[in-house]
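Let's take a friendly walk through a protein model. Have a look at the chain first, and then read on.

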Amino acid sequence: PRTAKGVTFISLEDETGIINIICWKYVYIRFYKEIKFSKLLLITGNLQKKSGAINIVAHHIRDMSAILNILPRIK
């Protein structure tokens with residue numbers, strides 16, 4: 001969900017845990033399609049540690065869904 005200040009928060013999860021992604025409005029608009037429709041994302045940005053919470057402030061988001069077919073499956 002977006003906040004009143006135009007920030008969108010994304011939680012990504014894998015078998016190792018959860019990471020919070022902070023997307024400023026211009027990043028969310030630029031990468032809207034990737035955020036909404038991808039099954040696997042590559043996110044680059046800055047690591048932020050504030051009040052004990054660790055977040056990534058996103059700069060670039062890339063759809064990596066195509067490589068899901070070649071990744072090993074966890075049983």
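Helices (H or I, at least four residues) and strands (E, at least two) are DSSP runs, numbered from the N terminus. The model is predicted, so local features need pLDDT of at least 70 and side-chain atom pairs 80 or more, while totals for chains, interfaces and linings use all residues. Residues count from 1 along each chain as its sequence is written, and side-chain values use heavy atoms, without hydrogens and water.

**The pocket**

The largest pocket has a volume of about 490 Å³. On a 1 Å grid over the protein atoms alone, a pocket is an open set of points where a 1.4 Å probe fits, with protein on both sides within 12 Å along at least five of seven lines; lining residues have an atom within 4 Å of a point. The volume is the space filled by probe spheres set on the points. Of the 18 lining residues, Glu13, Asp14, Glu15, Lys39 and Leu40 are the closest to the centre. Strand 1 (8–14) and strand 2 (17–23) each give the lining at least two residues.

Buried means under 20% relative accessible area, exposed over 50%, and partly exposed in between (1.4 Å probe, protein chains only).

| Residue | Relative accessibility | Class |
|---|---|---|
| Tyr26 | 56% | exposed |
| Tyr28 | 10% | buried |
| Tyr32 | 39% | partly exposed |

Tyr26 sits in helix 1 (residues 25–30). Between Tyr26 and Gly6 there are 8.7 Å from C-alpha to C-alpha, although they are 20 residues apart in sequence.

How are the rings of Tyr28 and Tyr32 arranged? They make an edge-to-face aromatic pair (centres within 6.5 Å, planes over 60 degrees apart), with 5.7 Å centre to centre and 75 degrees between the planes.

Definitions and conventions. Rings of Phe, Tyr and Trp (its six-membered ring) pair if their centres lie within 6.5 Å; planes under 30 degrees apart count as stacked, over 60 as edge-to-face and the rest as tilted.
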